[in-house]
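Reader: I'd like a close look at one part of this model, the space inside it. Could you take me through that slowly, starting from the open side?

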Amino acid sequence: MIAALVPYNTLVVAAAVAAVGLAAGMVGALAVLRRRALAGDAAAHGSLAGVATAFLATGRRDLGWLLVGGLVTSLATLAALVAIRRWTRTRDDAAMALVLGVSFGAGVALVTGITARGLPDSAGLEQFLLGHTAGVTAGDAALLAVCALGAAGLVTLGLKELTLVAFDEAFAAAAGWPVGLVDLGLVGLIAVMVVVGLPAAGAVLVTALLVIPPVAARQWTDRVGTMVLLAGLFGTLSALVGVVGSALVPRLPTGPVVVLAAAALAAVSAVAAPGRGWWSRRAAARRALVAWREGDLLASLARGDRPPAGADGALRRALADGLVARGAGGFTLTAAGTARAADLARRREAWARILATAPDDARAFLTVDLPDPAAVIDGARLAEIRSAAERCR
């Protein structure tokens with residue numbers, strides 16, 4: 001049914017680009033965690049010169065050779081960036097700007113020159129700037145899919161090592177892991193995915209396919225494995241939207257649509273993701289404020305004082321929850337309110353001991369709603385703090 005509505009070649013290209021989006025998201029997740037996202041930008045801008053050089057060397061627009069040429073110049077660009085940082089006094093940002101400008105300028109000059117001279121089979125080279133999948137054949141799609149799935153497989157196999165190096169390089173080195181080799185492998189994967197992603201997003205925007213899906217995925221989870229999987233799924237969806245947009249609208253470059261789709265996913269994630277999203281953080285802050293005001297009200301009534309100023313909302317909630325009763329002499333605590341106030345006093349006393357004995361632990365776990373210390377601090381650590389407090393008496 002689907003094959004009858006969508007041309008076969010479009011389905012093949014969509015499957016290949018989906019594989020590219022999957023692998024780009026997975027590799028990009030590790031690149032973002034390792035703070036190597038700008039390596040992708042350098043590799044992407046350097047790839048265009050390699051594509052043009054490969055065409056001049058072979059005389060034909062064969063995607064396999066063009067991607068090989070792009071990979072060679074991408075790695076050369078990264079090597080030049082490392083050399084400038086190591087052997088000159090150029091700052092990192094200046095070195096990045098220098099490498100990006102020179103490599104991309106060379107690529108644009110070569111592609112423009114080839115196109116202007118009208119060399120045979122040169123039509124379509126300029127599409128590597130912004131990406132355009134309409135000219136990708138079934139054989140090209142198979143090549144892209146194989147390369148992308150190979151990169152995704154390497155990420156899956158080396159996830160433990162890549163994660164360890166990304167989060168604690170010193171411990172990985174002390175444990176005997178070849179940190180330099182693992183880092184080199186990650187940069188190599190970034191370069192491969194930049195080159196493989198050229199038909200989908202183009203040299204200008206392919207870095208976004210590596211960076212934006214992981215940024216969106218990071219909002220949804222704190223686990224590396226889940227983040228890598230979500231980044232791959234977001235990358236797949238973004239790439240498919242780009243292919244569909246390019247197929248439906250004549251002469252529409254794929255890259256901008258891919259980036260816009262990924263950016264939309266990142267925006268939705270930033271707002272709606274549980275835990276890290278804006279809405280979730282706002283709701284959590286609101287709950288903490290409500291809990292603090294309720295605790296302040298109960299503590300005041302337990303001391304026999306009047307409700308504090310500005311506690312009208314908290315008083316209404318406490319009355320509705322049965323924590324406070326209205327009597328002839330004013331507001332008083334019910335049995336449930338008295339128990340809640342006693343628990344609050346116990347928590348305050350416990351946090352006062354922690355503040356006096358281990359202020360670093362208090363800064364790390366104490367919040368305005370006064371959580372139970374036993375619920376947020378490890379039991380062994382809490383026992384150490386209690387022992388230290390007893391010794392200080």
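Which helices each supply at least two residues of the lining of the largest pocket?

Author: That would be helix H3 (37-58), helix H4 (63-87) and helix H9 (179-196). Helices here are DSSP runs (H or I) of at least four residues, numbered from the N terminus. Before going further, some ground rules. This is a predicted model, where local features need pLDDT of at least 70 and side-chain atom pairs count only at pLDDT 80 or more, while totals for chains, interfaces and linings use all residues. Residues are numbered from 1 along each chain as its sequence is written, and side-chain values use heavy atoms, with hydrogens and water left out.

How far can you trust it? pLDDT is the predictor's confidence in each residue, from 0 to 100; the chain's mean is 86, and 97% of its residues reach 70 or more. Confidence is lowest in helix H1 (residues 2-5), with a mean of 47, and highest in helix H12 (residues 254-272), at 91. Over residues 1-5 the pLDDT is below 50, and that stretch has two contacts (heavy atoms within 4.5 Å) beyond near neighbours in sequence.

On a 1 Å grid over the protein atoms alone, a pocket is an open set of points with protein on both sides within 12 Å along at least five of seven lines, and lining residues have an atom within 4 Å of a point. Of its 18 lining residues, Arg36, Ala39, Val82, Arg85 and Val187 are the closest to the centre. H4 gives the most to this lining, with seven residues. By class, you get eleven nonpolar, two polar and five charged residues. Nonpolar covers Ala, Val, Leu, Ile, Met, Phe, Trp, Tyr, Cys and Pro; charged covers Asp, Glu, Lys and Arg; the others, Gly among them, count as polar.

A cavity is a set of grid points where a 1.4 Å probe fits but cannot get out, and the structure holds one of 30 Å³ or more. The largest cavity has about 40 Å³ of space. Helix H2 (8-33) and helix H10 (198-218) each supply at least two residues to the cavity lining, with H2 giving the most, three residues. Its classes come out as six nonpolar, one polar and one charged.

Notes. Points joined across faces, edges and corners; volume = space filled by probe spheres on them.
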